[in-house]
Structures are given as C-alpha cells and as structure tokens.
Amino acid sequence: MSARPHASRASRPAALAAAALLLAAAAVPLFAEGGDLLVRNGTLLTVTKGTIPRGDILILGGVIKQVGGTIAPPAGVRVVDADGRYVLPGIIDSHTHIALFGTNEGSEPVTPEVDMAEVINADDTAILTALSGGVTMAHTMHGSANPIGGRNVTIKMKWGKPSEQLIVREATPTLKFALGENPKQSNRSIGFGSPAQYPATRMGVNAIIRRAFLQAKAYMADWDRYEALRKSKTPPPGLLPPRRDVRLEVLADTLRGKYVARCHSYVATETLEFLALAKELGFKVACFEHCWEGYKIADDLAAAGVGISVFADSWAYKMEAAEGIAYNAGRCAKRGVVVSINSDSGERIRRLFNEAAKTMKYGGLTEDEALRLVTINPAIQLGVDKIVGSLEVGKQGDIAVFSAHPMSAYARCDLTAIEGDVYFDRDQYLKEREAAAAKPAPAKKDGGVS
Amino acid sequence: MTRTPFRFRSLAMPAVAVVALLAAAGPPLRADSGRVFAIRGCRVLPVLGAPIEKGTLVLRGGLIEAVGPAEKIVVPPDAEIIEGAGLTAYPGFILAHSNIFIDLPRPEGEDRRFGGPPAAAPSAAGAAAAEDRFPPGPGLMAFDMLKPKKDTLELWQKAGVVAAVVAPARGYIQGQSVFLCLNGLDPAAMVIRNPAALHLNYVNDRGKYPESLMGTVALFRQDILDASWYGAAQAQYARTPLRMRRPAYAPALEALLPYARRDRPVVIQCNNFEDVKRALAFGAEMKLNVMITGANEAWRVADVLKAHPAPLLVSLDFRAPNSSFAAAQGEAARKKAEAEVYPANAAALAKAGVPFALTSLNVPDAPTFTKAIRAAIKAGLPKDKALEALTLQPARFLGVGDRMGALQPGRAADVVLSKGDIFDEGSTVLKVFADGILFEYEEKGR
C-alpha cells in the first residue's frame, strides 16, 4: 500500500540491528552448558503428540533431536535422570510485565512509539522466579494505561545473559491496546485543577483509537504522494519527504500487518466493538487480554481467529470484572478459542501450571487440554508455535522437569532448561543456597569487582 | 591581576554603545598570561613521555615553552624563577563532564532515581525563578548560566583541576555545555570551546511526556529524526529558495541540528550499565557522535565498550543506582557495594583495557572528588592510569589532545605543582597555572 523507502522498516529494525551489534556477553548463566542435554526415563508430555509414559529426550546445540525411546548419552552431554518425573515443554507466559524498566508511558493516550524491547531489565529477579516455575518464555508488555500503549517484547528467561540476548526475534511483533476502566481512569484528573485527559469514557477510548489510525492513514497517504512525486518524470523543485513520525509509523505498520494488536479488554461489548474497529480500519487482533466476558462471545472470538489470555480465577475482583466467571477459560477453549492462562505478575508467573489446572475443575478440561493453556496456546498467540510450545524434534530445547504431573496440586518444578542450557536446577540451587548460608562473609579482595 | 572584566551580558547599555565598545576594545586582553615562568628542579610527570626526576619547565605566554631535565633546559633571562625542589608537576586535570559554576537547585535524589520522578517542586522562590529562567532543553546554554565563584575555583584548582566541561544538570535533554579553562572568573575569557556538547540523560519527566524510560528513549529518537528532517528542509530551501515555501523556524531543532549532523558530540548520561548499551545503540542507529558519561557500572559492559569504542567519561560517583542488585537488597548491601564495588569500576575498566576519562559528574565538591580518586586508586586503579584518565584521555575525547593534557612544549601552560604525590593523602597543591596564569596556595596547616 505504501512505497515509502525507509519508513516502514526504519525505526525498530534499525534499533534492533544496532542492539544486535552489542551482543557481547557480559555475564554467564549460572548453569549453562552449551546447549546439550539428555533427560532420561521421564514421562514426556509432548502436548502436541500425546504422552510418552516413559522415554528420553535429547537436546543438542539447543535443538530437540529426539523425543522418546531410549537414547544412549552422547559424550560430554549432561544427563538428567527424570525417573518418576514429568518432562514438558517450557511454560510460556503470554502476558506479563516483568524484566522491564517501566510499565506505562502514561502521560499520553497514544504512545506506540515506545518499545519495551528497548528497556529490558535482565537483572529482574522475577526471571529467576519464573524459571523456578518452569517458565522459559514470556511476552512482557506495556501496561494498560493507554488506549494505544507501546510495543511489547517476547523474551526468554535466560537468567544471567545480557538483555539483548533475551529477545525472541522470531516472535510476532505486538502492540498493546487497552479498553475500559484502565485507560479511562488513568487519564482522569487526579487532583483539583489538574487537567483531565481524553478519553474519560469507553466511547472515548474507541474514538481515540479510530482517530489515531485515521491519522496514520493520512500519514501513509502523505508518504505515498511524496514517493509518487519523487519517482515522477518531473519532480517538483524543492520536493521534501514528509516528517517521519515514529508514533504514526508504528500505527501504519500495524495497518500493514507488521504488528498485531494485543488488547486489554474486560467486558464483552467493548471487545466486540474493538473487533469491529479493527475490521473497519484494517489491522489484525492477535489476542484479548483478561477478556473476563469471553465466554459470552466465544463463538465470535473463534470465528475471528482471535485468542484470549486470561486469569484462571480472580473473577469479580473489581466492578468491571463482575461478570467474569471461573469457567471462562475452559468454556472458551471448548468453543475453539485459543486460550492461554497468563500471570500478569512476577509472582503468579511461578505457578502458571497450578493456574492452568484450575480449568480442569472449572471448565472440565482434560489434563492435556489444560496444559495447552500454558504451552502451545501462548506459543500460537506469540507466533512462535513453530519453534517452542511442545516437545517435538526440531523445536528449541526449552523444557521443564516436574516432580509430578504439572496439573497436580503437588507438582513442583525441579529443572528448567532453555535451548538445552539448564537455567534452573532446584537441587543445585538449594545446595548452593545452603553452602552460601553456612559460609562466613567473604573477605574483600583487593581491587576485585565481582 | 589586572584582567579586564569583559562580559557584555552584564552591561546594561544600549546595543549601539556595546558595539562601539567592542570596536574600541578589541579582543579581551590576556593580561596575566604574558608572564614567563621557569619552574626549576621539580619532579615532572608529563603523561606523554617518561617521568623526569629533576626537571625544569618553562612557561611563556600561556604556553609551555620547554620541559626537560634541569641540566638541559636553559632558564630564559626574563623568567620568574620558581624553585621546584620537593614539588611534582602534573598536567592540569580536565573534567570532561561537570556541573561546577552552575548554581541551580537540584531536587533531592533526582540523579539516584532511575525511571523515577525527577524535579520535585522547588521550595524556595529563588529556585523557582531559576527554573523559569533556565528550563532544560536543547537551546539551554551552560555558558549563559555560569556564575564562577572564587572559592569554588580555588577548591577545584587545589584538587588539581585546570579545565572543565560544564553542562546543565537537569532534565532529559539538558542543554549544551561549555568547555572552560579555570583561569579566572571571567566566563568569556575562560572559554576553550562553546558550545562543547549536547547533554542527554536517561531520566524521565513526571506528569508529562516522557513519563517513562521507554518514553525518553522514543523522544530522543523522534527529536533527532525531527532535527535531521528540519536540516534537510533548511538545506533544500537554501538551494532552491524560489518556488519553495520557506520552512518554519524551530529554535529547538535549530539547536539540535549540529548534533544530528555529527558536527558536535552528544553526551549521554548513563545511570546504569543497561543505559550504556542503550546509548551506544542509539548513537549507532542515529549516526551520532556519542560520548558515554556517568557510567559508574561500566565494568559490567566492559566487553561491549571494547567491541564498540566510544569516549567514556566515568563519574567518580560511587552511589549504586536503584536498578542495581545492591540497592534491591537493602540499605546495608547498598552501602557495602558503594564502599567496595563501585569504587573499583575504573580499576576494572583499566584492567579490561577500555580507555576512559574520570569526571566529577554528580560528585558534590572538589574535596569529595579528591577523596574519590584516592578511593578508586585504593580499589586497584594504577596511579598512571588515574593520571592519564584525568589529563590526556579527557583532552583526547574533547578534541584537544594535541594541545592540552600533557606537559610538552607548545601545549597550554596548564600545570599543577603539588607537594607530595597528588594522589596521596596529605599532599598539597601549592601552585596552579591555568593558561599560564599563576594561582598560589598556602601549604596546609600554615
């Protein structure tokens, strides 16, 4: 639709390219071993290819080479015996805000120019917390203060690695939107005399999103006009390109399909309104966040091919969620909606498997169906289901070893590996912790920086 | 001193009269720098070249005329002789980033906060007025805010400092700095270069855009894009003024333009190690001439700095940023890190072979700066590296490595004479030459 030479590709790829220049590793993961790992004798929950009651799984160079059967350990590969334990694909959190310097650019209602990929905080201990619950990947997002927030980023929980190495570049680029009380109230006048900011109502939220995209369309038209003139046989003297506006460029790229919408949405009516708006304007919605009333519109969501990323409970925790129900995730999943259970938190992220299991009691999902909500389904929502989300040959070696079936209330994550590198090993971690506690404080070395 | 106080900003007279005065007065006089000095028999640490145990320095007309072993240097007959026995001569220290001589209110904790709210409302009426007069932005010139004070000048000279880049200190786009020689109190006569650089800081606003770090990052990008676009429009208009509508004048973009064009450096304050990578990536993306400043966690990205060299101005501010593990672990851990880990930043960089200058950014005063240098040395920074990082390295980064930062003939006569090793406890700076102008100090306890 546009023939702009640089605008659609310029800002973010340039930034990423520049960041990619800086790949020098300054830190080493605690338990990294070079991407080779053999886990033996476990019950393999492949998610997409059924359950293998007892078998081995081999990861070489970060990639799954074999699933099932008995595998002789290749030389130099670390072997983990999972006898009596369960091996599953690394858990994926479709919606959280961990490992970031900041959450909301809340000063203005439309801020797609901000990019969470530029403010990753790899030192956030929530990464380690996530690993302890078997989580290997998370979609960490701009907050919900704005009708149109910032660009989000998908990262792996590579604790100890520099921030730029956490980014999952295969993931579909996403842009945060928000409807309802959050964008309404975050823009409300806080103190007497302080200016209230548009929007203050649900219809205002809808209108401001439309207005922003109409501006983006005008921006695209300006560039198209410029390009046509530039390429014409007699370009006018003094022809200048339009001003580059990163904010509008990201919206234009959303209209072009480069970014997909991830929309915070509580009630059914505005969810449907947003779907209609996206259709009218011509951008793609990947997923609704929280979507408390998804069960009311499950067929519409399924027909539109839009997923939802929800809590397992907390229903009715505020007025806007009053009609949220425990059965939301299960019912939507059964109606064909791609459902994920998210944490939205640096604490709940360590027990997403417990959260997913609640859909078995409330919603009647099977163990396998429930496990999908925190593995392959979030992978589909993030556009990474070709590389993660299940135990399949050729996928990245992101796995977790659990002491019991992850849908059991007694399950505990014992080991988490990303691309064959062990980033969390409960036994080793506890041993190190005890050793550290037993040791007297280390004497200060001369001039050393640890 | 018989310096002509020449500062047209302070002259309350009609413009015509100012012009007339300018024409009559010509360039400001350098009254004191015509003197000739010979410092005889001192230890000389020239930075470029080997130390001279018993050397003589001849200074003439604000420049170094000769340096060498005492027996080889002929003392000119017109020289005022200074007996240097027991003294050591160093090149004057250069602060590549400071806020000295700028008297603006700095809200409590502003620089410690990362991504947090800066600028609490100033309480004093005078402070409010100062904020109004000098709002941060690309057009704010540190030169316009300068209020050199004698006691401040003396304290910094006694710390060995003879030149300093002085930058505005507030906001995310702070303004433009000026590079000064500490040769007196007349701002114009002190200027080595004005403007010196544009100063950015990875902090955010409160209650208005940008309210977050990612907002600040986005704003920097958009502003540089805008300045480039503005420059292209102005250039096009200059080429084809006919049949082209005159582009609108935009003062802020006009101020940014030389920086967007790489004509002058953009100094980005990095409050933690992630900021360093952020600034390097931003500079590469926007093709800017970027300098890293602050960077008291630079050791954590020493590899990156080695692979992607940029002028690195390391502050001797040892306070742990809020984003650090140490700060997250509570006050005791923070204090421990500030006493043991952060002072070793420079030592680790030197060990890794990353060139850097040491600066006083966020160091409250000159005596604290002196103590901080000693702490960095105690933490493992070799003295010769410390000296280089205070003299020749900043001179190079500031583009004056050929005329300042070392004791060599032809360079500026910026010389510090210290009794005792300047980095040792109990040493005293007794004489300072700035542009060849002599400042003398009493020995401690006298």
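Predicted model: local features only at pLDDT ≥ 70, side-chain atom pairs only at ≥ 80, totals over all residues.
**Salt bridges within and between the chains**

Glu118(A) is a buried residue, its relative accessible area being 13%. That puts Glu118(A) under the 20% cut-off for buried.

Glu118(A) has a partner: Arg221(B) makes a salt bridge with it, with 2.3 Å between the closest N and O atoms. This pair runs from one chain to another, since Arg221(B) sits in helix 6 (residues 213–239) of chain B, while Glu118(A) belongs to the loop between strand 6 and helix 2 of chain A.

Next up is a pair inside chain A. Asp115(A) and Arg151(A) form a salt bridge in which the closest N and O atoms are 3.9 Å apart. Asp115(A) lies in the loop between strand 6 (91–96) and helix 2 (126–131), and Arg151(A) in strand 8 (residues 148–151), so this bridge ties together parts that are 36 residues apart in sequence. Both Asp115(A) and Arg151(A) are buried.

Chain B has a pair of its own, with Arg40(B) bridging to Glu83(B) at 2.5 Å between the closest N and O atoms. Here strand 1 (residues 36–44) holds Arg40(B) and strand 4 (residues 80–83) holds Glu83(B), so parts 43 residues apart in sequence get tied together. Arg40(B) is partly exposed, with a relative accessible area of 33%.

Salt bridges can also join up into a network, as Glu181(A), Lys184(A), Arg202(A), Glu270(A), Lys318(A) and Glu320(A) do. Over all chains, the count comes to 57 salt bridges.

Key
Residues numbered from 1 in each chain as written. Chains lettered and ligands numbered in written order. Heavy atoms only, no water. Salt bridge = Lys/Arg side-chain N within 4 Å of Asp/Glu carboxyl O. Helix = DSSP H or I, 4+ residues; strand = E, 2+ residues; numbered from the N terminus. Buried < 20%, exposed > 50% of the residue type's maximum accessible area, 1.4 Å probe, protein only.
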